[in-house]
Amino acid sequence: MIQAKAYAALAQDAQLEPWNFERRDVGPHDVQVQILYCGVCHTDIHNVHNDWGISIFPLVPGHEIVGKIIAVGEHVTKFKVGDTAGVGTIIHSCRECEDCQSGHEQFCSVSPVQTYNNLDTEGKPTYGGYSNTIVVNEDFTHHISDKLDLAAVAPLLCAGITTWSPLRKWKVGKGHKLAVVGLGGLGHMAVKFGVALGAEVTIISTSPNKAEAAKELGAHHFVVSKDDEQMKSVFHSFDFVLDSVSADHDINPYLAILKTNGTYINLGLPPKPWEISSFSVVAGNKAITGSGVGGLQETQNMLDFCAENNIVSDIELIDMKDINTAFDRLAKGDVRYRFVIDMSTL
């Protein structure tokens, strides 16, 4: 077994603290990654608080991992020692079901193994990237370009692919008008991708003071959702509305700004169910869809696109000791736009 160290929540709602544990040895098809950076996702907070009733403690969060390969199994062909690599939200799937065969390993019908807060194929808990090292099958490890700021690459493994996947599925690009609701960790990546793909992008936010930030990201327009006149001005305007907001909110106003045959894409996970007027959907043949993270090849395609177009997340780099403060700030939306932990400070 490989000795490892991390920051972990030892019980529900506990502060994260130093914790030592063991990783499995490197198997024939495994790589060992020395973790350099790990992004902080809102999911990490949900799991520490056991908001979904599925948390396994002790819990080591983190599924936005970038590091260096320091060991490879004897049958590994994809990587060599010294390569830069990334690990996202899943570390195993059956590879044989319809979803896996179609490139949707994240929806494996047998059960995808999540990077943390899950049970591996041997029934043992998985531990995430708030640690110094991780052992992963090479198939679930991604090539990362050294051309990019590696710290700012880390959030691409979750926030990046979560926004990239629906944009590619719906072929958003030139000639399309895209509205992005919410300018946070997901929303700012949706703007960057939407602009790079050629769409005309509008940010819709409750906060007027985010207008300048939207402009800096490349958004073409900015609309304050609490301003009735501004919302009326974009009625029936967009081919796609991508909603990244996880707080409870009424989506009917956003359905109203879709064109005929427009599509509302939900990425957020509000606690309460929606209340949707049937007229909001029927009037205009509008579609409502959702999207999670992408599959393995789709994630690699996104990373390659980012390398070609110099796209990374806007981040605030923090020391490991400051993670509990970062959690508090993230819960209040006080970050622009993703926290990333410098794991050399562990």
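Predicted model: local features only at pLDDT ≥ 70, side-chain atom pairs only at ≥ 80, totals over all residues.

**Reading the sheet and its surroundings**

Mentor: Start with the open sheet: six strands, paired in parallel, in the order β12-β11-β10-β13-β14-β15. Strands pair if DSSP finds at least two bridges between them. Residues are numbered from 1 along each chain as its sequence is written, and side-chain values use heavy atoms, leaving out hydrogens and water.

Trainee: Which strands stand at the edges?
Mentor: Those are β12 (221-224) and β15 (287-290); each has a single partner strand, so one side of each is left without a neighbour in the sheet. From one strand to the next, the twist averages 20°. For angles like this, axes are lines fitted to C-alpha atoms (for helices, over the stretch in contact), and angles run from 0 to 180 degrees between N-to-C directions.

Trainee: How many bridges link β14 and β15?
Mentor: Four bridges, in the parallel sense, with β14 covering residues 258-266. Look at Asn 266, for instance: its bridge partner in β15 is Gly 290.

Trainee: And what packs on the sheet?
Mentor: Helix α4 does, touching β10 (177-181), β13 (238-243), β14 and β15, and its direction makes about 155° with that of β13. Contact here means heavy atoms within 4.5 Å. Helix α5 (residues 185-196) lies across β10, β11 and β13, running at about 165° to β10.

Trainee: How do I read two helices packing together?
Mentor: Check the angle and the distance between the axes. Helix α4 (residues 159-169) and helix α10 (residues 296-309) pack at about 100°, with axes 10 Å apart. That makes α4 and α10 roughly perpendicular; the cut-offs are under 35 degrees for roughly parallel, over 145 for roughly antiparallel, 65 to 115 for roughly perpendicular, and oblique for the rest.

Trainee: Which residues make the contact?
Mentor: On α4 you'll find Gly 160, Ile 161, Trp 164 and Ser 165, and they meet Glu 298, Thr 299, Asn 301, Met 302 and Phe 305 of α10.

Trainee: Is Thr 202 buried or exposed?
Mentor: Relative accessible area tells you: under 20% is buried, over 50% exposed, and in between partly exposed (1.4 Å probe, protein chains only). Thr 202 has 4% relative accessibility, so it counts as buried. Thr 202 sits in strand β11 (residues 200-205). Leaving aside residues up to four places away in sequence, Thr 202 touches Leu 178, Ala 179, Val 180, His 221, Phe 222, Val 223 and Phe 238.

Trainee: Where is phi positive in a residue other than glycine?
Mentor: Arg 95 is one case, with phi near 70°. Asn 310 is another, at about 55°. At 29% relative accessibility Arg 95 counts as partly exposed, whereas Asn 310, at 60%, counts as exposed.
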